[in-house]
Every structure is written in structure tokens, then in C-alpha cells.
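Hi,

Here is the structure I promised to pass on.

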Amino acid sequence: MFLITLLTLLVAFAAVMFFNPGLLIGSAIFTAVWLSTGLMTPAMVHPVTLVLLAGVLAVLNVPQLRRALLTKSLYKTISGVMPQMSQTESEALEAGTTWWDADLFQGKPDWDKFATITMPTLTKKEQAFLDNEVEELCDMLDEWDIHHHRKDLPPEAWQYLKDKGFFSLIIPEEYGGKHFSPYAQSRVMSKIASRSITGAVTAMVPNSLGPGELLAKYGTEEQKKRWLPGLAKGTEIPCFGLTGPEVGSDAGSIPDLGIVCKGQHEGKEVIGIRLNFAKRWITLAPVATVIGLAFKLRDPDGLLGDAETQDYGITCALIPADHDGVEIGRRHYPGAPFMNGPINGKDVFIPVDWIIGGPDMAGKGWRMLIECLGAGRGVSLPALATASGEVGYRMTGAFGKIRRQFKTEVGKFEGVQEATSQIAILGYTLEAMRHLVTKSLESGTPSVITAMAKYHATEMMRTLINHGMDVAGGRAIQLGPRNFMALPYQSVPIAITVEGANILTRSLMIFGQGSMRCHPYLFDVIQTLQTDDKAKGLIDFDRLFFALAGNSLSRTMRAFVLGLSGNRLANAPETADEFTKEWYQRIDRMSAALASAADLALGILGGDLKRRELLSARLGDVHSQLFMACSVLKYYENQPASDAEKVHARASLHHALYSAQEALFDFYDNFTVPGIAGVFKRLAFPYGRILRKPDDNQLRALGDLIMEDNPVRQAFGQFIHNSLEQDDAFGRVESTYQTLLTVEDAWGRYNKAESRGKLAGDDIDARLTSAVSQNIITQDEADRIREYDKQRYDSLLTDAFEKSFFVQDEEEKAESAASDAS
């Protein structure tokens with residue numbers, strides 16, 4: 001009875017909010033049916049009630065009356081409690097684009113539109129570069145040598161990166177660049193990363209946030225001609241100075257200051273900027289020849305031509321690294337030996353023409369940076385994570401099959417399978433997300449999607465590498481050139497921290513930007529509250545607020561109807577098959593629940609939601625997991641059909657939607673107004689949770705599959721650098737695994753007989769002879785098993801070093817002490 005009453009009230013009120021006669025008629029018919037069933041009698045409709053209803057309808061439907069009696073007071077109240085949005089916040093929210101993330105946030109995804117999204121592919125030129133130049137570069141890189149001996153890439157690798165255009169992937173072809181697609185850039189970086197994290201970071205920075213991208217998008221033609229050809233050829237090495245001792249994630253509070261003034265440049269007096277700055281954690285700074293610099297610009301004398309404007313805000317300029325007053329060259333040591341260091345400048349004078357885009361772009365640096373962060377967040381860092389997922393899948397699965405304990409492959413133990421199944425799920429999700437994220441970047445920079453990609457990809461990387469370390473155990477913790485896990489493990493904190501710390505990205509950015517960028521009305525409503533023209537603001541607010549209210553009621557209504565129907569009324573693309581349809585419908589329903597919960601949070605908490613980071617983070621998790629589930633569906637639909645593919649897709653979808661569901665329930669259970677949160681929870685989930693935690697059968701299936709040469713493993717092998725070399729950390733394990741596949745049947749018969757005590761002998765040679773004599777295996781099989789066992793044993797060994805490895809000579813100690821002192 002309660003639900004029917006609530007349903008009728010919501011339909012009627014939504015009709016009023018939308019000013020939609022059709023909905024009003026529909027609610028009237030619904031009420032008539034209700035009356036005819038005897039649930040409500042005409043006597044219950046008191047004439048006073050009808051008069052009151054008519055009055056409410058009049059107020060809501062006559063704009064002048066509504067504004068005078070309701071909206072004006074509401075406008076004043078909300079304006080008084082809503083915190084003022086800063087210029088940097090406004091620019092950040094206005095920057096970038098929206099894509100499929102908006103559909104998911106708004107509660108009614110357009111699945112027909114989703115069905116038309118095609119997956120990104122490589123051009124012949126891009127594929128050739130991967131197959132040739134990238135492969136050749138990978139062969140030059142030895143990560144152990146780079147980490148523990150050189151502390152840098154080898155000189156020939158540096159020169160190859162420059163000569164072959166690895167620093168030019170985003171630069172337009174007319175300036176000598178390759179202008180690869182986002183997907184191609186991701187594939188290049190992940191393939192290098194599968195061989196060397198240091199090499200990948202070195203290659204990705206010039207193709208991420210930095211002078212190249214900023215110049216290509218905003219530079220003057222003169223600036224482009226001056227710098228882009230050199231950046232494309234590698235004769236110029238770029239870096240970008242944003243973070244500093246006083247500023248990290250809060251980049252808007254940059255203390256570095258530039259004052260517009262007159263000064264001498266090349267023997268002439270010109271209008272320029274006198275800069276003082278201190279930057280740190282700047283990748284490629286120790287070897288850079290040109291610096292992109294972000295600073296706050298002030299023009300106290302109005303030399304830029306606008307006497308009313310003194311504080312221009314964040315501005316970006318391009319400065320040669322050898323320019324007077326610039327201090328550069330020292331190195332930080334972030335745990336991986338890529339070039340990273342501080343940049344300082346004192347009384348550095350530059351012409352105003354060095355502002356990226358020229359003087360007209362003064363003060364527009366923050367928006368430029370926000371729009372360009374997408375490459376790092378959406379391409380480079382997720383590419384590192386995806387490579388870790390695919391290498392982790394192949395190496396951990398191979399190791400689990402090679403390594404035996406208690407006369408059993410360690411990958412068969414259910415405790416191990418609990419970890420390896422997660423590696424399988426996360427590895428599959430990462431590759432799927434890579435495809436959809438890079439597709440979104442083809443038509444703009446969707447800031448919410450790239451924030452999702454950065455946070456969740458790097459967190460998945462952390463989780464799966466930790467699981468891989470647990471499975472490999474002692475084999476993974478002993479450092480040395482044989483170790484295939486330790487150096488990626490050591491580098492994980494770098495990916496977690498850079499391009500916006502993960503805690504901030506999750507707790508503030510994903511939902512904070514998502515609610516503003518993806519909501520159809522919210523940002524415009526806030527703009528009306530902060531406008532100086534209050535008369536016009538009131539009129540706009542009146543129109544937008546009631547549209548927003550109607551939209552919110554509609555979204556909550558949809559969540560309730562879909563929940564009541566148990567997904568049966570949820571939508572799915574016409575192209576969906578029997579397997580994918582139920583997952584599309586679950587996403588559709590969860591999207592409506594997210595929209596309803598978001599409106600609840602925004603409506604009750606308003607500006608205070610910014611400080612309720614735990615709540616906003618959970619809503620951001622829901623939004624992100626729905627996007628990842630869509631990525632898995634799209635990726636699965638574009639792969640050759642196989643049982644292994646379906647098992648991986650099902651498990652990944654279950655993981656994503658179960659995570660989204662739990663995040664929603666945590667949101668409801670921790671909301672600041674429990675009673676109303678309970679009502680919304682009951683509306684969206686009238687029968688309780690729609691997904692149970694993945695069961696043991698699913699974990700066992702994935703744990704078995706990851707050890708097999710299944711189609712998913714084979715597909716992952718196409719995305720990374722593969723080696724079968726016995727002196728390579730990855731090649732040693734992979735070649736052993738491939739050998740095992742050729743003797744697997746005979747090896748299984750031998751081990752089965754040995755575990756049952758059927759074989760005589762104290763060593764493998766004697767036991768193989770015994771097995772041949774009993775016709776358990778043939779002599780040829782015995783010979784091949786003997787060779788495999790030697791390879792197997794070698795692949796399980798860890799490195800041991802002479803004492804001299806741990807002792808620096810006196811000269812090295814003195815150099816280190818002098819360096820530390822400086």
C-alpha cells in the first residue's frame with residue numbers, strides 16, 4: 001500500500017515538475033484505476049484537499065506567481081549557504097568534455113548510442129611502429145642494469161628514442177611528429193613498460209602533460225615552428241614544472257610568481273615577466289633543454305593593456321633550460337631511475353611572448369593544464385597499469401603451473417587461486433578499460449573518464465602486483481636480474497602518486513567533476529547563484545531549478561520502477577545477446593540508482609558535500625565501476641568467442657557491479673540523514689541486493705584458466721614485449737612455461753606415478769628410468785622431461801651475489817657523500 005501511494009504521488013509530482021500534461025493525464029488515469037479497485041474511495045478526497053491541490057498547481061505552473069511566492073525566497077536562501085566557487089574551480093569544471101560517463105550519471109543510458117561506439121584500432125603505420133621500432137627499443141633495455149648499475153637508460157637507448165620519434169607521438173605531422181591516436185600511444189607505452197618501467201616513463205612524459213601538447217593545442221604559429229620540430233626530432237627534451245614544495249595535488253595554490261615589468265632581452269628593452277619559482281618532482285628535468293612552467297601572473301602596472309586587471313592567475317610559459325637564472329640538473333631518486341629532479345629560478349626575466357599562446361593567453365594556464373592532463377591520466381599511467389596486468393597474468397599463471405609444492409602445482413591451491421583469480425579479473429578489466437578510455441579521447445578530453453582511468457587503473461595495478469608477489473613468494477622478494485616481480489612492485493607508488501594523488505582523485509575529483517560535468521542542470525544552476533546580475537539570475541534559476549527538481553524526481557522514479565521489476569524493465573542494446581543482456585540491464589538499473597543517490601546527496605548536503613569526502617568517494621566508485629563494466633562488455637563483444645573469454649568477462653562484470661552495489665549500500669548506510677537515505681535505499685533496492693559476492697566456483701575457474709594457454713592469455717601476449725631468452729627475467733619463466741606445455745601430458749603421468757610411490761630411485765634420472773621401464777612414459781618423453789626439469793629448476797632459482805656487490809669502493813663513497821652534502 002505504501003509503495004503504491006508513493007508511486008502515485010511521485011508520478012503526479014513529476015508531472016507537475018515537468019509541466020507535462022501527458023504525465024498529469026497518466027497519473028489521473030492511474031488514480032481512477034486506483035479508485036475503481038477500492039483502494040481509495042471518493043469520500044476520502046475532501047473538497048479542501050482539491051482546493052489546496054489547485055493552489056499548489058497554480059503556484060507551480062504560473063512563472064510570475066511561482067517566482068514571487070516561492071523561487072525568490074529559495075534563490076536567496078540557497079545563494080546564502082552555497083560556497084563561492086573560485087575561478088580555478090570554475091575553470092576546472094568547464095574544461096574538458098563529457099562522453100559515455102554523462103549517460104551513466106544521468107540514470108538512463110542510451111544503449112543504442114553505446115552500440116554504435118566502435119573500438120579503437122591501429123593504423124598500418126602505428127602497427128609497424130609497434131612491431132619494429134618498439135620491439136627494437138625493448139631489446140635494448142635491461143631493467144636490472146638500468147636500476148642497479150647505470151641509474152639511467154643506456155646511451156644507445158636514449159639516442160634511439162630521439163632518432164626514431166618516440167618523443168613525437170602527439171606532435172602534428174607538419175612539424176615532424178607522428179600524431180598517433182590515443183590508443184596507439186597507449187599501446188606503445190604499455191609495450192615498453194612490459195620491458196622497462198624506466199623506459200616507459202622516459203618515453204611517455206614528452207607525450208603527456210608538457211610543452212609538446214600545450215604547444216600543439218595553444219601555441220602561436222611562431223612558437224610551434226620554433227619548438228615542435230626540435231621536440232619531434234629529440235634535439236629538444238621537454239619537461240613541465242607544476243608541482244613544488246608548497247603545492248602538490250592542490251595545483252591551484254601555486255606560489256610561484258611572475259610580475260609583468262620591463263627589462264632587457266637580447267640587448268633591447270621589452271615588456272616581460274620577472275619570475276621566481278621552486279619546482280620539484282619534475283620528470284626529465286635533469287636532462288631537459290626546454291621547460292614548460294606554470295606560475296601565477298601579476299601585472300601591477302597594466303603593461304599588458306588591461307588597467308583593471310592586476311592578478312591574471314595561472315599562466316604557462318616556455319623557457320630554455322639554459323636561460324639566465326634557471327637552476328636545473330640535480331636529480332631526485334623516486335625509486336625508479338628515470339630522470340626526475342627540481343627546477344628553481346630567481347629573478348628570471350622572460351619576454352611576454354614566451355607565454356604559451358602569447359600574451360593573449362595570460363591567466364588561461366589553469367584551463368590549459370586541466371584539458372591537457374587527460375593524456376597522462378587517460379593514456380600514459382593506465383598504459384603502465386595495463387602492461388602490469390598482462391605481464392602479471394602471464395607470469396603469475398606460468399609460475400603457478402611451473403612451481404610445485406606438496407606434489408601439486410601451486411596454482412591449484414585454492415588459497416593461491418583466490419589471488420590469481422583477482423589478477424585475471426583485474427588484468428582483463430584493465431585491457432577492456434584501455435580500449436574504451438582511449439576511444440573517448442578521440443573526440444576530446446573527458447576529464448571525469450580520465451580521472452577514473454588514472455585512479456582505478458593504478459589501484460588495480462597495485463592490487464594485482466601485490467597478489468603476484470604473494471604467489472611467487474621468496475622467488476619475488478630476492479632482488480636480482482632473475483626477479484620478474486620486484487622492480488614493478490617497487491615502482492607502484494610512483495604511479496599512485498603522480499598526475500594527482502589517488503586519494504584526492506577518488507575522494508574529490510571523480511564525483512566532484514562528475515556531478516558538475518555530467519549532471520544536465522547542476523552546473524548551470526550554480527552559475528545562476530553566483531552571477532552578478534541577480535534579476536536575470538533569478539529568472540534563470542527559476543527555470544533551471546524546477547527542471548532540475550523534475551529531473552531528480554524522474555530519476556528516482558525510474559530507479560524505483562526498475563527495482564520493483566527486478567531488472568525486467570531495464571534497457572539493453574538491441575544487439576545484446578543472451579549473455580550480455582542481463583549485464584546491460586543490471587548496469588541500466590544501477591545507473592538509475594546512482595542518479596537518484598547523487599541527487600539525494602546534492603540536494604541534502606549541497607556545498608557541504610565537498611567536505612563529505614567518504615560519501616562523494618563512494619558515489620564516484622559507483623560511477624567508475626559502471627564505466628568499467630561497460631568497458632568489459634564492449635571489449636568482450638569485440639573479441640573472438642571462446643569459453644575462456646566468457647569466463648573472464650562474466651567474472652570481471654560481476655566484480656565491477658558487485659563493487660558498485662556495495663559502494664551504494666555503504667553510501668546509504670553512512671548518509672548524514674539516515675531516515676531519508678533508508679527510503680531511497682528501499683526505493684532503489686526493494687528486494688535487497690541484486691548481486692551476491694562472487695562464489696568459489698568462479699574463483700576456481702579463473703585460477704585454473706590463468707595457468708593455461710587460453711585465448712585471453714594469448715591476446716595479452718600481443719600487447720606486451722615477449723621474450724624467450726633464458727638470461728631474461730621474463731623470458732626465463734615464459735620459455736620454461738612453453739616447454740612445459742610441450743611435455744605436459746607426459747609430465748603429468750610421471751608426477752602422478754611418482755606421488756603414488758610407483759617409481760624407484762633417489763633422483764629424477766633414476767625415477768625416469770623406472771617410469772620408462774613400467775611404460776608410464778616413453779624414452780623420448782623421458783628425455784624431454786629431463787631437459788624440462790633442468791629448465792624448471794633454473795627458472796626457480798634466485799640471485800646470489802658476491803660480497804663485492806654490496807661494498808662501494810672508497811672513491812664511490814666519497815662521491816656519494818659529496819653529492820649528498822650538496
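When I say two residues are in contact, I mean that they have heavy atoms within 4.5 Å of each other. Keep in mind that this is a predicted model.

Let's begin with Gln698, which sits in helix α27 (residues 696–705). If you set aside its neighbours within four places in sequence, Gln698 is in contact with Ala651 and His654. Buried here means under 20% relative accessible area, so Gln698, at 12%, counts as buried.

Now for the charged pairs. Side chains of opposite charge can pair when their charged atoms come close. The count of salt bridges comes to 37.

One of them joins Arg394 and Glu734, at 3.2 Å from N to O. Arg394 belongs to helix α15 (residues 365–402) and Glu734 to helix α29 (residues 729–755), so this pair ties together parts that are 340 residues apart in sequence. Arg394 is buried at 8% relative accessibility, and Glu734 is buried at 5%.

Another salt bridge runs between Asp794 and Arg732, whose closest N and O atoms are 3.3 Å apart. It links distant parts of the chain, with Asp794 in helix α31 (residues 779–796) and Arg732 in helix α29, 62 residues apart. Asp794 is partly exposed at 23%, whereas Arg732 is buried at 7%. Both residues also belong to a network of salt bridges with Arg482 and Asp799.

Last, Asp783 pairs with Arg786 in a salt bridge, with 3.1 Å between the closest N and O atoms. They are three residues apart in helix α31, so about one helical turn separates them. Asp783 is partly exposed, at 35% relative accessibility.

Cheers

Note on methods
Residues are numbered from 1 along each chain as its sequence is written. This is a predicted model: local features need pLDDT of at least 70, side-chain atom pairs count only at pLDDT 80 or more; totals for chains, interfaces and linings use all residues. Side-chain values use heavy atoms; hydrogens and water are left out. Helices (H or I, at least four residues) and strands (E, at least two) are DSSP runs, numbered from the N terminus. Buried means under 20% relative accessible area, exposed over 50%, partly exposed in between (1.4 Å probe, protein chains only). A salt bridge is a side-chain nitrogen of Lys or Arg within 4 Å of a carboxyl oxygen of Asp or Glu.
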